[in-house]
Amino acid sequence: MSRVAYYQAERLEDGAIHGFVEMCSELVANDAARSLNTTIMRNAARNMGRASGSRASPAGGTPARGA
C-alpha cells in the first residue's frame, strides 16, 4: 500500500490530479467493499448456530402430523 501511496503522491506533484483522484476513489471503494465483506462473514458466522431453530413454518401455520 505504501508503494501505491508514494506513486500517487509523485503523480500528484507532476500535476496528474485526475489520476490521483481516480486512484483515491478506487482505494476507498475497495476498502468499503472489504469492510462490507468482513461484516457479512462475521454475521454469517454468528448466525450459523441460530439457523437450525429459526426456520419459517410452512404456509397455513402448523404442519400436518402423521397423515
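Analyst: Arg 34 counts as exposed because its relative accessible area is 51% (buried is under 20%, exposed over 50%, partly exposed in between, with a 1.4 Å probe and protein chains only). The model is predicted, so local features need pLDDT of at least 70 and side-chain atom pairs pLDDT 80 or more, while totals for chains, interfaces and linings use all residues. Residues are numbered from 1 along each chain as its sequence is written, and side-chain values use heavy atoms, without hydrogens or water.

The partner of Arg 34 is Asp 31, with which Arg 34 forms a salt bridge (a side-chain nitrogen of Lys or Arg within 4 Å of a carboxyl oxygen of Asp or Glu). In this pair, the closest N and O atoms are 3.7 Å apart. Side chains of opposite charge can pair when their charged atoms come close. Asp 31 is partly exposed, because its relative accessibility is 45%, whereas Arg 34 falls in the exposed class at 51%. By the rule applied here, the count comes to 1 salt bridge.

Both members of the pair belong to helix α2, which covers residues 17–47 (helices, H or I, at least four residues, and strands, E, at least two, are DSSP runs numbered from the N terminus). Asp 31 and Arg 34 are 3 residues apart in α2, about one turn of the helix.

Attention now turns to the wider setting. The chain has 2 helices and 0 strands, and buried residues make up 3% of its 67 residues. Helix α1 spans residues 2–13 and packs against α2 at an angle of about 150 degrees, the two axes lying 8 Å apart (lines fitted to C-alpha atoms, for helices over the stretch in contact, with angles from 0 to 180 degrees between N-to-C directions). The two helices, α1 and α2, are therefore roughly antiparallel to each other (over 145 degrees; under 35 is roughly parallel, 65 to 115 roughly perpendicular, the rest oblique).

Ala 9 lies in helix α1, and its C-alpha atom is separated by 7.7 Å from that of Phe 20, 11 residues away along the chain. With a relative accessible area of 33%, Ala 9 is partly exposed. Met 23, for its part, has its place in helix α2. The C-alpha atoms of Met 23 and Gln 8 are 7.7 Å apart in space, although these residues stand 15 positions apart in sequence. Met 23 also counts as partly exposed, because its relative accessibility is 23%. Leu 12, in helix α1, belongs to the partly exposed class because its relative accessibility is 35%.
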